[in-house]
Amino acid sequence: MSETKTIRVMIVDDHAMVRKGLGFFLRVQDDLELVGEAAGGEEALLMCERLAPDVVLMDMMMPGMNGVEATRAIRKRWPTVQVIALTSFKEGELVQEALQAGAISYLLKNISADELAVAIRAAYAGRPTLAPEATQALIQAATEPPAPGDDLTPREREVLVLLVEGLNNAEIADRLMIGRSTVKTHVSNIFSKLGVASRVEAVALALQHNLLD
């Protein structure tokens, strides 16, 4: 019977008490080994280079290089290292950013010790784990109607900027060096996507929702 592989775990959190608590938990698990602790993203990269962990428990909100940036950097440089986002924040945008950066799991710090151990073993095996709150945040983000202007193309946004400046179609065509018929098509598409019927309404909506930022 082969011996169970010990999973090498690294903790990244800017709060010393959190690191201490997680470290204590890891030390009582037979198959989990704490190989290092980092107080920030930059330090985490240096320690990954030196310690070669299997799984990283990554806080998301840290000064300097945050957890999303550190996760992205680790996954790019060491794609075999699995990163578990372990945070107090459950906003949908942060969940999406963490997963897009390469985190395999997203857990909240109120997770039980047994649940965290299971998640670490799952991450090592390539299986994701999402906190129920994170799953709900993703569902909510996916089902919310898109904000006005989200589907405008870069060129349509350029035309919208010029509409706000008060230019007519001929002036927009000259400014962008495109045909007047093309401008007319862009303006029509803008009206359709914004759900408006006139330039005045388009300009008002653009200003109201900060579509020009």
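Helices (H or I, at least four residues) and strands (E, at least two) are taken as DSSP runs, numbered from the N terminus. This is a predicted model, in which local features need pLDDT of at least 70 and side-chain atom pairs count only at pLDDT 80 or more, while totals for chains, interfaces and linings use all residues. Residues are numbered from 1 along each chain as its sequence is written, and side-chain values use heavy atoms, with hydrogens and water left out.

- β1 and β3 run parallel and are joined by four bridges, and Ile-11 stands opposite Leu-57 in β3.

**Strands β3 and β4**

- In β3, Val-55 and Leu-57 point one way while Val-56 and Met-58 point the other way, and all are buried; buried means under 20% relative accessible area, exposed over 50%, and partly exposed in between (1.4 Å probe, protein chains only).
- Strand β4 (residues 82-87) is mostly covered, with six of its six residues buried.
- One side of β4 carries Gln-82, Ile-84 and Leu-86, the other Val-83, Ala-85 and Thr-87, and all of these are buried.
- Strand β3 (residues 55-58) runs parallel to β4 and is joined to it by four bridges.
- The right-handed β-α-β crossover from β3 to β4 passes through helix α3 (residues 67-77); a crossover is right-handed if, with the strands pointing away from the viewer, the path from the first strand over the helix to the second runs clockwise.
- Among the β4 bridge partners, Val-83 is that of Val-56 and Ala-85 is that of Met-58.
- Strand β5 (residues 105-108) pairs with β4 in the parallel sense over four bridges, and Ser-105 in β5 stands opposite Ile-84.
- From β4 the chain crosses through helix α4 (residues 92-101) to β5, again as a β-α-β crossover that is right-handed.

**Nonpolar cores**

- A nonpolar core is a set of buried Ala, Val, Leu, Ile, Met, Phe, Trp, Tyr and Cys residues joined through side-chain atoms within 4.5 Å.
- The largest core has 29 residues, and those with the most contacts inside it are Met-10, Val-12, Val-56, Met-58, Met-60, Ile-74 and Tyr-106.
- Two or more residues of this core come from each of β1, β2 (32-38), α2, β3, α3, β4, α4 and β5.
- Not counting residues up to four places away in sequence, Met-58 touches Val-12, Gly-67, Ala-70, Thr-71, Ile-74, Val-83, Ile-84, Ala-85 and Leu-86.
- In soluble globular proteins, nonpolar side chains tend to be buried together.

**Asp-13**

- A polar atom of the Asp-13 side chain lies 2.8 Å from the backbone nitrogen of His-15.
- Leaving aside neighbours within four places in sequence, Asp-13 is in contact with Val-18, Arg-19, Ala-38, Ala-39, Asp-59, Met-62 and Lys-109.

**Glu-43**

- Glu-43, in helix α2 (residues 41-51), is partly exposed, with a relative accessible area of 36%.
- Beyond residues up to four places away in sequence, Glu-43 touches Glu-37 and Ala-38.
- Glu-43 and Leu-32 are 11 residues apart in sequence and 22 Å apart in space, C-alpha to C-alpha.

**Positive phi angles**

- Most residues other than glycine have a negative phi.
- Ala-52, in the loop between α2 and β3, has a positive phi of about 50 degrees although it is not a glycine.
- Ala-52 counts as partly exposed because its relative accessibility is 48%.

Technical notes. Polar contact = N/O pair within 3.5 Å; in protein donor to acceptor, adjacent residues only side chain to side chain. Contact = heavy atoms within 4.5 Å. Pairing = 2+ DSSP bridges.
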